[in-house]
Amino acid sequence: MKLIVIQFFIISLLLMSSFFVLSSADSSACGGKCNVRCSKNDRQHEECIKDCNICCQKCKCVPSGTYGNKDECPCYRDMKNSQGGSKCP
């Protein structure tokens with residue numbers, strides 16, 4: 001019985017570590033794309049990065065380039081801030 005519990009515990013740890021690795025990979029992918037997207041933005045750079053990462057995590061995409069091309073990602077294009085303007089840079 002103890003052997004089964006130990007095996008279950010080890011398998012659980014392996015599955016959790018795999019989940020965290022996948023989550024980190026997604027975050028870094030957003031970060032890299034958002035760094036490019038915000039590199040020439042006239043807004044505050046930190047604000048641009050923050051908003052872009054929020055949009056990327058929700059939409060799973062970031063339009064190419066530093067401006068425009070929002071039709072590549074309709075979710076990103078259509079996300080609104082509290083004032084009704086575009087949330088995503």
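## A left-handed link between C38 and C48

The torsion about the S-S bond of C38 and C48 is about -85°, so this disulfide is left-handed. The pair links distant parts of the chain, with C38 placed in the loop between α1 and α2 and C48 in helix α2, 10 residues apart. In this predicted model, the sulfur atoms of C38 and C48 lie 2.0 Å from each other, and both C38 and C48 are buried.

## Overall fold and confidence

The secondary structure of the chain consists of 3 helices and 0 strands, and from the N terminus on its elements follow the order α-α-α. The chain has 89 residues, of which 22% count as buried, and it exposes about 6500 Å², with carbon and sulfur atoms supplying 64% of that area. Among the contacts between residues at least 6 apart in sequence, 40% join residues that are at least 24 apart.

The lowest confidence falls in α1, with a mean of 62, while the highest is found in α3, at 96. Over residues 17-26 the pLDDT is below 50, and beyond near neighbours in sequence this stretch has 0 contacts in the model. Where pLDDT is low, the predicted coordinates should not be read in detail.

## The other disulfides

By the distance rule applied to cysteine sulfur atoms, the count comes to 6 disulfides. When the bonded cysteines of the chain are numbered in sequence order, the pairing reads 1-7, 2-5, 3-4, 6-12, 8-11, 9-10.

One of these disulfides is formed by C30 and C56, whose sulfur atoms are 2.1 Å apart. Because C30 lies in helix α1 and C56 in helix α2, the pair ties together parts of the chain that are 26 residues apart in sequence. The link of C30 and C56 is left-handed, with -80° about the S-S bond, and both of these cysteines are buried.

A further disulfide joins C55 to C88, with an S to S distance of 1.9 Å. The torsion about the S-S bond of C55 and C88 is about -95°, so this disulfide, too, is left-handed. C55 lies in helix α2 and C88 in the segment after α3 (74-78), so the pair ties together parts that are 33 residues apart in sequence.

## The nonpolar core

The largest nonpolar core has 14 residues, and those that touch the most other members are C34, C52, V62 and Y76. Helices α1 (2-37) and α2 (45-59) each supply at least two residues of this core. The largest share, 6 residues, comes from α2, the helix that also holds C56 of the link to C30 and C55 of the link to C88.

What does V62 touch, once residues up to four places away in sequence are not counted? The contacts of V62 are with K33, C34, R37, C52, C56 and Y76. Among these partners, C34, C52 and Y76 are named with V62 as the core residues that touch the most other members, and C56 is the buried cysteine whose sulfur atom is paired with that of C30.

Notes. Residues numbered from 1 in each chain as written. Predicted model: local features only at pLDDT ≥ 70, side-chain atom pairs only at ≥ 80, totals over all residues. Heavy atoms only, no water. Core = buried A, V, L, I, M, F, W, Y, C linked by side-chain atoms within 4.5 Å. Buried < 20%, exposed > 50% of the residue type's maximum accessible area, 1.4 Å probe, protein only. Helix = DSSP H or I, 4+ residues; strand = E, 2+ residues; numbered from the N terminus. Contact = heavy atoms within 4.5 Å. Disulfide = S-S within 2.5 Å. pLDDT = per-residue confidence, 0-100. Areas by Shrake-Rupley, 256 points an atom, 1.4 Å probe, with all protein chains shown as cover.
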